[in-house]
Amino acid sequence: TAIVRNHTATHLLHAALRQVLGKHVTQAGSLVAPTHLRFDFTHGHAMKPEEVAHVERIVNEKVLESVSVLIYEDVQIQDAREMGAMALFGEKYADRVRVVQIGAMKPSEPSYSRELCGGVHVRNTGQIGLFKITGEASAASGVRRIEAVTGIGAYEWVLNQKKTIEEAAALLKSNPHDLVKSVEKTLD
């Protein structure tokens with residue numbers, strides 16, 4: 001179930017990156033594991049923190065909308081192209097393919113994401129739960145990498161961050177809400 005959440009989240013992430021950074025963004029690799037997802041994409045420079053936050057927000061909005069995820073099995077490759085399905089990072093495809101569509105009820109309707117994909121997916125985006133980007137870095141020349149967590153993994157990430165903040169506040173004999181002021185005071 002965690003892999004399924006992370007896999008569908010990579011499709012949402014890809015679409016959000018193209019929306020925020022531009023249509024030049026294409027997938028350059030990915031890892032979908034039970035604990036996290038990793039998504040490599042073409043982009044010439046590091047993302048700004050506000051771009052990362054914007055992408056994360058868009059994905060979470062799509063998750064909260066609980067939009068349908070439809071799978072079209074055994075589609076002629078030409079029909080998939082006419083549907084507007086995006087092929088990923090130069091892969092070779094057979095004459096018949098599988099199309100994953102997020103956010104439309106028919107192939108003729110505009111969708112949020114429509115890609116060729118053979119993997120497993122949630123039935124609607126609400127099953128993903130929380131989506132949290134945990135890192136953005138260089139993967140290679142002209143390729144960036146985002147790591148993220150979903151579902152219970154995202155919840156555990158939040159709990160770990162809370163614990164770290166509480167421990168830091170305790171060391172400074174401060175309230176977690178006043179942690180930044182306490183650090184500034186200590187540095188002064």
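1. The count of salt bridges comes to nine, a salt bridge being a side-chain nitrogen of Lys or Arg within 4 Å of a carboxyl oxygen of Asp or Glu. The model is a predicted one, in which local features need pLDDT of at least 70 and side-chain atom pairs count only at pLDDT 80 or more, while totals for chains, interfaces and linings use all residues. Residues are numbered from 1 along each chain as its sequence is written, and side-chain values use heavy atoms, with hydrogens and water left out.

2. One of these pairs joins Lys 132 to Glu 56, with the closest N and O atoms 3.2 Å apart. The pair links distant parts of the chain, 76 residues apart, since Lys 132 is in strand β6 (residues 131-140) and Glu 56 in helix α2 (residues 49-65); helices (H or I, at least four residues) and strands (E, at least two) are DSSP runs, numbered from the N terminus. Both Lys 132 and Glu 56 are buried, where buried means under 20% relative accessible area, exposed over 50% and partly exposed in between (1.4 Å probe, protein chains only).

3. Within helix α2, Glu 65 and Lys 62 lie three residues apart, about one turn of the helix, and they form a salt bridge whose closest N and O atoms are 3.3 Å apart. Glu 65 is partly exposed at 46% relative accessible area, whereas Lys 62, at 19%, counts as buried.

4. Arg 96 and Asp 74 meet through their side chains in a salt bridge of 2.6 Å, N to O. Arg 96 is partly exposed, with a relative accessible area of 39%, and Asp 74 is likewise partly exposed, at 48%.
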